[in-house]
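Biologist: Please take a close look at a single packing contact in this model. Which residues make it, how is it arranged, and what surrounds it?

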Amino acid sequence: MAGADTAARITAAARAILVAEGAAAVSMRKVAAEAGITPMATYRHFSNREVLLRTVAEECLRELDSEWASRVAIADPQARILALLDDFLDFALGTPHLYAYVMADRRESARRFPEDFHIGQSSAFPRLMEAIELGMRKDFLRPDDVVEAALTISALVQGLIQLYLVGRIGLDEADFRALCHRSVKRTLRGLAQ
């Protein structure tokens, strides 16, 4: 049990550094100091920095999926997609360094389109696919490739977020969120019956 507690402390320390300073700031030595252990102790639980960061990313994606799971109760497809969007924007804008590492940085362990998406290996993406499938079943959206339709919406949102986070969209947060909503609704209209 102590080992699991130590591993959890190490993961929490790495996540705190990642959230505050970005992935480049995460080192085994810095994580150890943050967790209050020796640098060598981190290696008993995580073989290297990449394994530790992968653990943080996987934990983050499980949390996002758990948040998104609560949206399954929303019966209206557009309302569900917009609720998922709001959760995703909360994640991206609330923890931009963590978002950048999990969603935008090049990582060996990152899910890849199309293989990982078609076989369900992505953690949070299937929730968007479920909402799109619901829209198709309810004749809100025309029949189409569910994975590609979800990718279209996801890519749009992530592109807007990237532009916003690097200062290329000069709106305050509320106006940016409204822009994202309008853009997703436009895309849904393009996929509509």
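Predicted model: local features only at pLDDT ≥ 70, side-chain atom pairs only at ≥ 80, totals over all residues.

Modeller: In this contact, P77, R80, I81 and L84 of α5 meet R127, L128, E130, A131, I132, L134 and G135 of α8, where contact means heavy atoms within 4.5 Å. Residues are numbered from 1 along each chain as its sequence is written, and side-chain values use heavy atoms, without hydrogens or water.

As to geometry, the axes of α5 (residues 77-94) and α8 (residues 125-137) lie 9 Å apart, at an angle of about 165 degrees. The pair is therefore roughly antiparallel, a label for angles over 145 degrees, on a scale from 0 to 180 degrees between N-to-C directions of axes fitted to C-alpha atoms over the stretch in contact. The crossing of α5 and α8 is left-handed, that is, the near helix is turned anticlockwise from the far one by less than a right angle.

In the loop between α8 and α9 (146-165) lies D139. D139 is not a glycine, yet has a positive phi of about 60 degrees. Its relative accessible area of 54% makes D139 exposed (over 50%; buried is under 20%, partly exposed in between, with a 1.4 Å probe and protein chains only).

Elsewhere, an unreviewed UniProt entry lists residues 27-46 as "DNA-binding region"; such annotations may be inferred rather than shown by experiment. This stretch is 75% helix and 0% strand, with its end C-alpha atoms 12 Å apart. T42 belongs to helix α3 (residues 39-45) and is buried, at 0% relative accessibility. Leaving aside residues up to four places away in sequence, T42 touches I10, M28, A32 and I37.

For the protein as a whole, there are 10 helices and zero strands, both taken from DSSP runs (helices H or I, at least four residues; strands E, at least two). Of its 193 residues, 46% count as buried. Among contacts between residues at least 6 apart in sequence, 65% join residues at least 24 apart.

Notes:
Parallel < 35°, antiparallel > 145°, perpendicular 65-115°, else oblique.
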